[in-house]
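Hello,

Here is the structure for you to look at. My notes follow below it.

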Amino acid sequence: AEETGAIVEMGKWMLKKICDDHRYWLQKGYPPVYISLNFSSIQFYERNFVENIQDILAEYEVDPKYLIVELTESLLVEDSQKAIDDIKKLQAVGIKVALDDFGTGYSSLSYLNHFNVDIIKMDASFIRNVMLDSKTAIIAQAIINLTKALHIKLVTEGIENWDHLAFLKENNCFSGQGYLYSRPVPFLKI
């Protein structure tokens, strides 16, 4: 989809679907929830990236504060000035920005200085082997401590068992996602 450019329209469709589902939940009386969506570099470097998102949120009457735009580290390298500008535009309207798969790409701590992200998502590879490899545990602890010191919310990906959760609690990391909580579930309209 990225090679053909179809990812742009697919991404817009996905955001519309998520916003439609969010609106449906609100109409049924459920409390609002945060919705998170990954964007590819093709989408992100589209000229009207931020405006397209704002238009879709307005169309479905979704408060921007409930959207989290997930970007990868490698995406930020390609055109850092556009990335900085678009991140500021997204945040100015209340949209949160997450740096996804942190620590696996072209990871540079200088990104944390230049790109003012709201959330860092620590890649699952760090938690997967945390009980078996002391170096991995030290790196995971360092990421946890770094995000705390920088006042950036950390979400740990790949929490699949109680040992993973115990390690995170022990290190004062209280936000995560993974199969321990739930496998993906289908959307059902009631």
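To start: is His22 buried or exposed? His22 is buried, with a relative accessible area of 2% (buried means under 20%, exposed over 50%, partly exposed in between, with a 1.4 Å probe and protein chains only). His22 sits in helix 1, residues 7-27. Leaving out residues up to four places away in sequence, His22 touches Pro32, Val33, Ile35, Val62 and Tyr66 (contact means heavy atoms within 4.5 Å).

A word on the source. This is a predicted model, where local features need pLDDT of at least 70, side-chain atom pairs count only at pLDDT 80 or more, and totals for chains, interfaces and linings use all residues. Residues are numbered from 1 along each chain as its sequence is written, and side-chain values use heavy atoms, without hydrogens and water.

Now the whole protein. It has 9 helices and 5 strands (DSSP runs numbered from the N terminus: helices are H or I with at least four residues, strands E with at least two). Along the sequence, the pattern is α-β-α-α-β-α-α-β-α-β-α-α-β-α. Of the 190 residues, 42% are buried. The C-alpha atoms fill a box of roughly 50 × 45 × 30 Å along the principal axes.

Two backbone spots to check. Most residues other than glycine have a negative phi. Glu61, not a glycine, has a positive phi of about 55°. Glu61 lies in the loop between helix 3 (49-59) and strand 2 (67-72), and is exposed at 66% relative accessibility. Asn172 has a positive phi of about 60°. Asn172 follows helix 9 (162-170) and is partly exposed at 44%.

Best wishes
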